[in-house]
Amino acid sequence: MAKVLMKGNEAIAEAAIKAGANNYFCYPITPQTEVAEYLAKRMPEVGGVFLQGESELAVANMIFGAAATGKRVFTTSSSPGISLMQEAISYMAGAELPCVIVNIMRGGPGLGGILPAQSDYFQSVKGGGHGDYRLLVLAPSTVQEAVDLMMLSFHLADKYSNPVMMIGDGMIGQMMEPVEFPDVYVEPEELPEKKWAITGAKGRKPKVVKSLFLDPYQLEDSSWHLHEKYELMKKNEVRFERYKVSDKNEMMLVSYGTMARICQTAIDALEDEGISIGLFRPISLFPCPQDAIYAEAIKKNIKDVLVIEMSTGQLVEDVERAVVGKKKVSLFGRTGGVVPSPEEVINKIREMVTKKSKKTKTKKKA
Amino acid sequence: MTSHRLNKWESPKIEKPVNIIVGGYGSGKSEVSVNLARFLVLDKSFTARPISIMDLDIANPYFRSREASAELEKLGITPINPEGAQFYADLPIILPQIRGAIETAAGTLICDVGGDDVGARVLSSLATSFDSSTYDMILVLNANRPFTSDMAGCLKTIGEIETASRLKFTGIISNTHLMDDTDEEIVMRGIELSKEVSAETGLKLYFVSAEQKILDKIKQTNIDIPVLPLNRSLLKPWE
């Protein structure tokens with residue numbers, strides 16, 4: 001298919017249709033409402049379901065019900081809306097139902113603002129709802145990657161029978177970029193049959209999809225079973241990208257989503273000044289690419305690990321956990337909808353590199 | 001300033017005091033509006049001054065013409081935007097001075113409207129302020145956008161926007177692009193579609209707009225309509 005120009009939100013919507021997800025439930029919220037606007041036009045063309053619920057609570061429970069039929073289902077929202085969906089997300093994880101949830105993040109906490117942010121990392125990666133569960137979390141940095149990861153999200157949701165969340169800051173949803181869709185979407189690998197799907201019990205025993213286990217031993221079994229799935233995800237689904245990583249790097253940046261692109265611009269500019277910096281960009285946030293971050297961070301040439309995110313510090317905690325104190329991990333964060341410019345990032349790096357080299361010089365003199 | 005260097009084509013002609021720039025999402029309305037204002041203020045032969053630019057986008061939360069206000073103000077263009085915290089909102093707020101600025105437009109006013117019929121709906125609440133003899137409503141057309149890639153799509157968009165805005169189009173701007181992937185062929189294909197839509201609807205094709213670096217690669221004889229060279233102002237943070 002030829003390239004077209006699409007807004008991230010529209011491209012995410014079209015990618016879902018490409019992946020055979022024809023059941024969409026939503027409630028509008030800036031900065032992701034164009035997903036709903038686009039699908040209101042598109043779903044009737046493909047014979048799908050478009051339903052705007054009365055609230056995010058209703059929508060998330062519609063997803064729960066629709067997912068139980070074994071069909072591919074999804075919703076999109078933004079930070080406060082995603083908070084409202086947490087109960088049903090926990091239920092779906094408990095009931096092992098596949099579905100895809102997209103969070104186009106805006107500034108929080110509370111109603112916050114409508115500008116881009118990355119402050120829902122904890123919510124996405126560490127739970128959000130109650131109970132021992134995990135979501136598989138993916139974070140694109142371009143509109144094309146949002147398309148690719150959206151299609152992959154449906155595949156992974158079915159593979160693990162688990163909700164998958166794709167998160168992007170508001171810019172991912174709002175910006176326009178050229179994108180390409182496959183003519184026909186092909187599953188990367190064969191998927192398990194959905195034997196649990198509720199399709200009408202005529203002529204067979206009824207099936208039950210639930211997250212309720214009154215017997216504590218059954219609930220414990222179920223929780224350990226879920227845990228095994230999450231361990232499998234950690235083994236099989238780690239995704240990341242490195243940019244200009246070499247043994248000349250003085251520092252390693254860790255950044256995800258569009259923030260990583262700002263870091264790339266900064267890295268290119270610093271390269272011209274003779275300062276060599278590498279970037280580690282996690283694509284899967286759960287599973288966190290912990291081992292790969294550790295492997296890069298402990299390299300001799302790396303003096304500093306700097307995490308750059310649009311929050312007051314969330315990803316940084318997982319990076320610290322990965323680096324286990326072997327190197328100093330610092331944070332540069334802007335939040336509330338303030339997007340750092342490449343110049344700010346450059347200045348921060350320059351300041352750190354200069355301090356380091358001054359220290360080294362003083363040591364040598366002594 | 002490159003936008004003011006000698007244009008090898010005819011310059012865009014702006015004929016009315018009020019120019020309403022409308023189109024689908026991603027057609028490039030805001031970039032065209034900002035560049036048109038800048039082009040006119042720097043064009044010494046253009047006398048319908050002062051030049052103002054009004055951001056009427058209540059549909060998009062980001063990448064709006066108001067973000068270029070500081071740069072335009074320095075050139076002597078008057079930006080008319082929501083004030084204070086409302087600057088950052090996407091709420092359907094119409095400042096009191098908006099209606100006044102439209103009704104008493106002196107010089108040239110460029111109104112940058114939000115995308116699709118959703119964005120154009122704001123115009124319907126102002127429709128009584130527009131005097132049909134003093135305004136042009138111009139469709140910005142990008143043939144690389146899914147909903148305006150062919151004649152049927154363009155006619156549908158035109159119809160939807162006219163219904164939502166309660167105003168009639170008077171012309172078209174060909175602004176076909178694919179961001180950084182734009183090439184000469186894409187610009188030329190866009191002109192073709194715009195000419196076809198112009199012939200079908202009777203709407204005047206005002207001009208083609210494209211980035212200066214693409215225009216530099218196109219032969220003078222290949223474009224027979226006025227040209228607005230673009231120098232992008234509404235950039236992403238990493239650009």
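**Cavities, pockets and helix packing**

Reader: What volume does the second largest cavity have?

Author: This is a predicted model, in which local features need pLDDT of at least 70 and side-chain atom pairs pLDDT 80 or more, while totals for chains, interfaces and linings use all residues. Residues are numbered from 1 along each chain as its sequence is written, chains are lettered from A and ligands numbered from 1 in the order in which they are written, and side-chain values use heavy atoms, without hydrogens or water. A cavity is a set of points, on a 1 Å grid over the protein atoms alone, where a 1.4 Å probe fits but cannot get out; the volume is the space filled by probe spheres set on points joined across faces, edges and corners. For the second largest cavity, this volume is about 130 Å³.

Reader: Which residues lie nearest the centre of the second largest cavity?

Author: Lining residues are those with an atom within 4 Å of a point. The lining of the second largest cavity divides into 10 nonpolar residues (Ala, Val, Leu, Ile, Met, Phe, Trp, Tyr, Cys and Pro), five charged (Asp, Glu, Lys and Arg) and two polar (the others, Gly among them). Of the 17 residues in this lining, those nearest the centre are B:I58, B:R66, B:P82, B:L91 and B:I93.

Reader: Which elements give two or more residues to the lining of the largest cavity?

Author: A search of the whole structure finds three cavities of 30 Å³ or more, and the largest cavity holds about 520 Å³ of space. Its lining has 30 residues, with A:M176, B:G28, B:E31, B:H177 and B:M179 nearest the centre. Helices (H or I, at least four residues) and strands (E, at least two) are DSSP runs numbered from the N terminus. The elements that give two or more residues to the lining of the largest cavity are β1 of chain A and, in chain B, α1 (29-42) and β7 (204-211).

Reader: How many polar residues does the lining of the largest cavity have?

Author: The lining of the largest cavity includes 12 nonpolar and seven charged residues. The polar residues in the lining of the largest cavity number 11.

Reader: Which residues lie nearest the centre of the largest pocket?

Author: A pocket is an open set of points with protein on both sides within 12 Å along at least five of seven lines. The largest pocket contains about 650 Å³ of space, and its lining has 16 nonpolar, five polar and six charged residues. The lining of the largest pocket comprises 27 residues, and those nearest its centre are A:L115, A:G337, A:V339, B:E67 and B:P237.

Reader: Which element supplies the largest share of the lining of the second largest pocket?

Author: The second largest pocket holds about 380 Å³ of space; it is lined by 22 residues, with A:Y38, A:R42, A:E45, B:P146 and B:F147 closest to its centre. By class, this lining has nine nonpolar, three polar and 10 charged residues. At least two lining residues come from each of β1 (4-7), α1 (8-18) and α2 (33-45) of chain A and α4 (116-126) and α5 (151-165) of chain B. The largest share of the lining of the second largest pocket, six residues, comes from α5(B).

Reader: Are α4(B) and α5(B) parallel or oblique to each other?

Author: Axes are lines fitted to C-alpha atoms, for helices over the stretch in contact, and angles run from 0 to 180 degrees between N-to-C directions. The axes of α4(B) and α5(B) come within 7 Å and cross at roughly 30°. Angles under 35 degrees count as roughly parallel, over 145 as roughly antiparallel, 65 to 115 as roughly perpendicular and the rest as oblique. The two helices α4(B) and α5(B) are therefore roughly parallel.

Reader: Are α5(B) and α6(B) parallel or oblique to each other?

Author: The axis of α5(B) comes within 10 Å of that of α6(B), the helix of residues 184-201, and the two cross at roughly 55°. The relation of α5(B) to α6(B) is therefore oblique.

Reader: At what angle do α3(A) and α5(A) pack?

Author: Helix α3 of chain A spans residues 56-67, and its axis is 8 Å from that of α5(A), at an angle of about 15°. This makes α3(A) roughly parallel to α5(A). The packing angle of α3(A) and α5(A) is about 15°.

Reader: Where is B:P50 found?

Author: The peptide bond from B:R49 to B:P50 is cis, with omega near 0°. B:P50 is in the chain B loop between α1 and β2 (51-56).

Reader: Which value is phi of A:E96 near?

Author: Most residues other than glycine have a negative phi. A:E96 belongs to the loop between α5 (86-94) and β5 (99-105) of chain A. Its phi is positive, near 55°.
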